[in-house]
Amino acid sequence: MQEPFNTQMYLEYILDETKKILAIDSPSGFTKQAVDYVMKEYTALGYTPTQTIKGGVLCQIGATTIPNNALMMEAHIDTLGAMVCTINPNGYLKLSPIGGMNANNAEAENCRVYTREGKTYSGTLQLCDASIHVNKKFDETSRSFEVMEVVLDENVKTKEDTLSLGILPGDIVCFDPRTTITNSGYIKSRFLDDKLSVGILLGFAKYVKEENIILPRNVYHHITVYEEVGHGGAASIPAEVSEVLSVDMGCVGEGVSCTEHQVSICAKDNRGPYNYEVVSNLIAAAKRQNLDFAVDIYPYYGSDADVALTAGYDVKHGLIGTGVYASHGYERSHIDGVRNTFLLLTEYLK
């Protein structure tokens, strides 16, 4: 179906914003710089965003006089990461993961350590005794944060050396996203979950403003900052909201049908089924636009929309997202999936 607007322009904007957001470290609990950037971007688009007490972004995208039927779209800007747990006798750092950061996925990754004093140090997460030529048990050692350490790019030999740099337990450790977009349209990076969706919501906001769209209901965007630790969508939902749509990621893997080129419509995750009416309406909208979509059940997944219901909000809920391969690792999606997700939002809000 031919879109009545320049879709490619919005896709380019979405990818550009996604790259900028991915370049800003923001694990759960350390999201201020990323939030400040998104606040400025909504403002530049002509909106009036506000910051929640918890630290997220709330922005009204469209307004009508119809009461009590508003839709809230949610995406989270917080990512996985880690925190300094202890300083080892050799001066290197033992970590405690933030969210579902998996040690197998983080081995040999470059990282940054942010101190409370505002200093930043670089390092690499390695297996303790990381040389194959001297560690006979390198292959058989099961990777966990208990047996791994951040090797600082500083001349430290003792715990006291590291303390003298100003590094303390509780300091945030952020991993290099390594973002790249291929000529064939693949988007590769850590933390596409869920910064790619934040880019999509900004693209939707730009579309509404520049195309002078009159939305049929009040629409809010909520950029949450604690999704990866389970309470991102548990607050800050306006009283008039009757539906929460989480725009997160679609899973790609064995047992599910979604690919990186599709938009995923989730019918059920490990917390239970999504609202039957919302899922049905999303499927109908995807069919009207002849979009490439998949309907799936995700066995190990929870969303901000789930959390809203758990927190006691009386709302309908749904979940969509671009297909993402290797979730919580070095993730990959495709511009086709971004296009299908963006166009599903535009059709759903007609």
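A: **Helix packing and the charged pairs around it**

On the α6 side, V278, N281, L282, A285, A286 and R288 meet L344, E347 and Y348 of α8. Sorted by class, this contact comprises 6 nonpolar residues, 1 polar residue and 2 charged residues. The model under discussion is a predicted one. The axes of α6 and α8 approach within 9 Å and cross at roughly 110 degrees. Since angles of 65 to 115 degrees count as roughly perpendicular, α6 and α8 are therefore roughly perpendicular to each other.

R288 and E347, both listed in the contact of α6 with α8, also form a salt bridge, in which the closest N and O atoms are 2.7 Å apart.

Helix α1 (residues 7-22) and helix α2 (residues 32-44) have axes that come within 11 Å and cross at roughly 155 degrees. An angle over 145 degrees counts as roughly antiparallel, and α1 and α2 are therefore roughly antiparallel to each other. The crossing of α1 past α2 is right-handed. From α1 the contact is made by Y13, E17, K20 and I21, and from α2 by Y37, V38 and E41. The residues of this contact divide by class into 4 nonpolar and 3 charged, with no polar residue.

Helix α1 also packs against α5, at an angle of about 140 degrees and with the axes 8 Å apart. At that angle α1 and α5 are therefore oblique to each other. Here too α1 passes its partner, α5, in a right-handed crossing. The α1 residues involved are M9, Y10, Y13, I14, E17, T18, I21 and L22, and they meet L192, K195, L196, V198, G199, I200, L202, G203, K206, Y207 and E210 in α5. By class, the contact of α1 with α5 has 12 nonpolar, 3 polar and 4 charged residues. Y13, E17 and I21 take part in the contacts of α1 with both α2 and α5.

A34, placed in helix α2, is 13 residues from I21 in sequence and 6.5 Å from I21 in space, C-alpha to C-alpha. With a relative accessibility of 1%, A34 counts as buried. Apart from neighbours within four places in sequence, A34 is in contact with I24, S26 and I77.

The charged pairs of this region complete the account, and they belong to a total of 15 salt bridges found in the whole structure. One of them joins D25 and R112, with the closest N and O atoms 2.8 Å apart. D25 sits in the loop between α1 and α2, while R112 sits in strand β6 (residues 110-114), so this pair ties together parts that are 87 residues apart in sequence. D25 is buried because its relative accessible area is 9%, whereas R112 is partly exposed at 24%.

K32 and D36 are 4 residues apart in helix α2, so about one helical turn separates them. K32 counts as exposed because its relative accessibility is 60%, while D36, at 25%, counts as partly exposed.

R217 lies between α5 (192-210) and β12 (219-224). With a relative accessibility of 13%, R217 counts as buried, the cut-off being 20%. Beyond the neighbours within four places in sequence, R217 is in contact with G62, T64, N69, A70, L71, S242, E243 and L349.

Note on methods:
Residues are numbered from 1 along each chain as its sequence is written. This is a predicted model: local features need pLDDT of at least 70, side-chain atom pairs count only at pLDDT 80 or more; totals for chains, interfaces and linings use all residues. Side-chain values use heavy atoms; hydrogens and water are left out. Axes are lines fitted to C-alpha atoms, for helices over the stretch in contact, and angles run from 0 to 180 degrees between N-to-C directions. Helices (H or I, at least four residues) and strands (E, at least two) are DSSP runs, numbered from the N terminus. Angles under 35 degrees count as roughly parallel, over 145 as roughly antiparallel, 65 to 115 as roughly perpendicular and the rest as oblique. A crossing is left-handed if the near helix is turned anticlockwise from the far one by less than a right angle, and right-handed if clockwise. Contact means heavy atoms within 4.5 Å. Ala, Val, Leu, Ile, Met, Phe, Trp, Tyr, Cys and Pro count as nonpolar, Asp, Glu, Lys and Arg as charged, and the others, Gly among them, as polar. Buried means under 20% relative accessible area, exposed over 50%, partly exposed in between (1.4 Å probe, protein chains only). A salt bridge is a side-chain nitrogen of Lys or Arg within 4 Å of a carboxyl oxygen of Asp or Glu.
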